[in-house]
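Dear colleague,

I am passing on the structure we spoke about, and below it I have set out what was found when it was examined. Please read the notes with the model open beside them.

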Amino acid sequence: MVQCPDRIIASMDTGVDDALALAYLLGSADECELGGVIAGYGNVDANTAYANTCAVLDLFGRADIPVFLGAEHPSWADAFIPDAGCAQFHGDDGLGNTRLAGSGALADGAGVPGDDMSGDDMSGDDMSGDDMSVDVPDEVVSVGGYLAGDVHAHPALGACSRVNRSQSVDHPQSAMPTALASGGKRRCSVDAADGIEYLIEQVREFGRDVTVLATGPLTDVDAAITRAPDIASKLRLVMMGGTLTQPGNCWDAVAETNIIQDPEAANRVFHSGADITMVGLDVTHQCLLPQSAADRWRATGTKRGRFLADLADFSIKANLEADPALFSGGMPLHDPLAAAVALDSSLVDCFDLALRAETNTGDFNGVRGRTTGDPVGLVNHSMPHVHVALGVDSERFLDEFVERMAEVCR
């Protein structure tokens, strides 16, 4: 019998597949309790991730689940700009353009986060991907994991004008879902430190009876361990990210997106001694959601069903255009698979090894962002090991996922 965790805390950069993972967890209430969500940068900027998270939770009737603001930028930078690659796979709003297109499941405004970046012209021709002008000359800026000015640094349309800095932010009132702005009961958090403190408190209280599910960069987890080293030995982490046996999905086809955002943080987490399961491209690319699943959800005729189908439609199309050979069967369920593994570890077969994230590119350094075995582990067997998922029962996972999501649509 597989023992399911009593409680899950999620760290998300809420884009398309994060939203699907979130809906899946909400549909798994009999197996776990979602204690809270820490929303940070990655697929989108942190404020957008926060607003998206609130919107999804509200749509599924779970405004009681607390949402915290997490890291606004990687540990190696002072500011963050979303990149064009993430916009390609998640849309300008992070949710497959279900809001900006005006034709998605949330188009009537109920449960939709308002645009706290109201000064931006997201459709203007002057916001080209080559516009790198950011009014932070003394700060180190990450553009989707790459240093501003790097040949791979391509900002998303309009992203430069809303760069996230390393300062506390005021609560984006306009980002609150309409229903809550008029008197709802959501417990909101606006200090970036709160999400880290919450993670620390939860691990200290529950130990490995709480699972931290990270579907974005590992900056939040790293920050928690750095601030409270005592939690490392008590921490159970299931993360989506990395790749060991397959190419990456970034510009250079070496690094995986979540790792390239903050390789330093990932490397520290890998060596922390926490109980870590890495759900990377080795297995997520074997779990493709077909168009028939989206059609089934849409056929429920509910707002939830239309929303989930819109997300899937957007991602299926984007992935097929990016790689027709690899994704002819549908969209890869990156974050939903990690969420499922957090509930049922028997879905994957793991290979345990000392793992590292490369933090430099060059001779005898490898390529920044690549996850590889740490060669020191070959001679020092006491080094922490990571459970790296290399095999997956894709048929069982897909059947359970599609069915559970169909139920949550109702």
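Leaving aside its neighbours within four places in sequence, which residues is Trp297 in contact with? In this model, which is predicted, the contacts of Trp297 beyond those neighbours are Leu20, Leu289, Gly305, Leu308, Ala309, Ala312, Phe401, Val402, Met405, Ala406 and Cys409.

Trp297 also belongs to the largest nonpolar core, which has 67 residues, and together with Leu308 and Phe401 it touches the most other members. Helix 1 (residues 16-26) supplies the largest share of this core, namely nine residues. Another core, of 34 residues, lies apart from it and includes Ala224, Ala232, Leu244 and Val386.

Two of the helices deserve a separate word. The axes of helix 11 (residues 303-322) and helix 13 (residues 394-409) come within 7 Å and cross at roughly 140°, which means that helix 11 is oblique to helix 13. On the side of helix 11 the contact is made by Arg304, Gly305 and Leu308, and on the side of helix 13 by Met405, Val408 and Cys409; by type, these residues divide into four nonpolar, one polar and one charged.

As for the chain as a whole, it has 13 helices and 16 strands, and buried residues make up 58% of its 410 residues. Among contacts between residues at least 6 apart in sequence, 80% join residues at least 24 apart. The accessible surface comes to about 15,700 Å², and 50% of that belongs to carbon and sulfur atoms.

With best wishes

How values were computed:
Residues are numbered from 1 along each chain as its sequence is written. This is a predicted model: local features need pLDDT of at least 70, side-chain atom pairs count only at pLDDT 80 or more; totals for chains, interfaces and linings use all residues. Side-chain values use heavy atoms; hydrogens and water are left out. Helices (H or I, at least four residues) and strands (E, at least two) are DSSP runs, numbered from the N terminus. Buried means under 20% relative accessible area, exposed over 50%, partly exposed in between (1.4 Å probe, protein chains only). Contact means heavy atoms within 4.5 Å. Accessible areas come from the Shrake-Rupley method with a 1.4 Å probe; for residues, only the protein chains shown count as cover. Axes are lines fitted to C-alpha atoms, for helices over the stretch in contact, and angles run from 0 to 180 degrees between N-to-C directions. Angles under 35 degrees count as roughly parallel, over 145 as roughly antiparallel, 65 to 115 as roughly perpendicular and the rest as oblique. Ala, Val, Leu, Ile, Met, Phe, Trp, Tyr, Cys and Pro count as nonpolar, Asp, Glu, Lys and Arg as charged, and the others, Gly among them, as polar. A nonpolar core is a set of buried Ala, Val, Leu, Ile, Met, Phe, Trp, Tyr and Cys residues joined through side-chain atoms within 4.5 Å.
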